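Q: Could you pick one part of this protein and take me through it slowly? I'd like to see how it is put together, and then how the rest of the chain sits around it.

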Amino acid sequence: MALLYKADPVRGEQWQRLFAKHAPDIQWRAWPDIGDPRDIRYLAAWQAPDDIETVLPNLKVLFALSAGVDQLDLGRLPATLPVVRLLDPGISQGMCEYASFAVLSLHRDMVRYRQQQTERCWQAHRLVPAQQRRVGVMGLGLQARHILNTLKPFGFALSGWARSEHHIDGVECFAGTGQLPAFLSQCDIVLCVLPLTEQTKGILNRQLFQHLPRGAALVNMGRGGHLVEAHLLEALASGQLSAAVLDVLEQEPAAPDHPFWNHRQIILTPHIAAMTQPESAFGVLLDNIRRHQRGETMLGLVDRERSY
Ligand code: GLV
């Protein structure tokens, strides 16, 4: 019985050492050296191989090595193949650190001060108390909840929006498309950690920006596909938005002539908000493999109807 790993080869060596030490009963295979494909019961991957049913005829579970699963292109996978998202505490930690960095940078006007520094301009601007800064999170899953808890001690006025109803202590929660405008109208900083699905593709668009208070700021740490990039440029140019912190793009890596590279109102990072850490993710993956072997429910099982 073997597990096939298909992702970053450097971290693959770390995974392999962890399996050898803690789960010697599970044979390790790393793409593209898959050996006899009939041995492979589990696939741990960032992206699935084409024609997975033929390539891996005895595959039982696909474990995504990520929190998001849109890049697996679920529609191409057999409907009966269980797909499991990675609920890695290392990913959550990374998301919380990045969200804190982004929200604090926007709250404390760092995009503007960084620009002033390049211009040798020593000028202070009004400091808005955190209690008056309204921070809204789009998506209220596991990552969002960790992020909201991390932001709480700063004293921001926190809210959240998701397609279904949620109740989170100290966070005003909005639900469904009907309440989206009301949610947006009270966000000075809006942060997207939604899953990318047919419903959320392009959700960060001109119409959404128009519901935000003038001069609001955007953080996208979901997927590039959430954002209509041309609409962001338009909103920044018109002053409807004042700044954006983006960790993801529609096309990654960004083309050398992408307009975001040297945009003065944008902080752009190369999809580094969170990275799967074998040290913290291994226990989660192994626990799920053991659950599967015992016939128990795996944690992070993707609902194929919802796509997350
Ligand atoms: C990274 O983008 C992830 O989904 O884990």
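**The parallel sheet and its surroundings**

A: Seven strands make up an open sheet, and the pairing is parallel, with the order E8-E7-E6-E9-E10-E11-E12. At the edges stand strand E8 (172-175) and E12, each with a single partner strand, so one side of each has no neighbour in the sheet. On average, neighbouring strands here are turned by 15 degrees against each other, direction ignored.

A quick word on the ground rules. This is a predicted model, where local features need pLDDT of at least 70 and side-chain atom pairs count only at pLDDT 80 or more, while totals for chains, interfaces and linings use all residues. Residues are numbered from 1 along each chain as its sequence is written, and side-chain values use heavy atoms, with hydrogens and water left out.

The labels work like this: helices (H or I, at least four residues) and strands (E, at least two) are DSSP runs, numbered from the N terminus. Two strands pair if DSSP finds at least two bridges between them.

Now zoom in on E6. Strand E6 (residues 134-138) runs parallel to strand E9 (residues 189-192), and four bridges join the two. E6 also runs parallel to E7, this time with five bridges. A handy landmark is Val137: it stands opposite Leu191 in E9 and opposite Gly160 in E7. As for side chains, in a regular strand they alternate between the two faces of the sheet.

Strand E7 (residues 157-162) is largely enclosed by the rest of the structure, because five of its six residues are buried. Buried means under 20% relative accessible area, exposed means over 50%, and partly exposed is in between (1.4 Å probe, protein chains only).

What lies across the sheet? Helix H3 (residues 89-107) lies across E6, E9, strand E10 (216-220), E11 and E12, and runs at about 160 degrees to E11. For such angles, axes are lines fitted to C-alpha atoms (for helices over the stretch in contact), and the angle runs from 0 to 180 degrees between N-to-C directions. Contact here means heavy atoms within 4.5 Å.

Next, follow the loop between strand E11 (241-246) and strand E12 (266-268), which is where His263 sits. His263 is buried, at 18% relative accessible area. Its side chain reaches the backbone nitrogen of Gln265 at 3.0 Å. Leaving aside neighbours within four places in sequence, His263 is in contact with Arg114, Leu233 and Leu236.

Gln251 lies in the loop between E11 and E12 too, but Gln251 counts as exposed, at 59% relative accessibility. Pro253 is another residue of the loop between E11 and E12, and a cis peptide bond, with omega about -5 degrees, joins Glu252 to Pro253. For background, most peptide bonds are trans.

Where they meet, twelve residues of domain 1 are in contact with seven residues of domain 2. Between them the domains bury about 670 Å², with 53% of it on carbon and sulfur atoms. In domain 1, Ala67, Asp70 and Asp88 lose the most area to domain 2, together 60% of what that side buries. Buried area is the accessible area (1.4 Å probe) that two parts lose on being put together, summed over both.

Leu65 is buried, with a relative accessible area of 7%. Beyond its neighbours within four places in sequence, its contacts include Tyr5, Trp15 and Thr276. Asp73 has its place in the loop between E4 and E5 as well, and Asp73 is partly exposed at 39%. The phi of Asp73 is near 55 degrees, a positive value in a residue other than glycine.

Terms used:
Polar contact = N/O pair within 3.5 Å; in protein donor to acceptor, adjacent residues only side chain to side chain.
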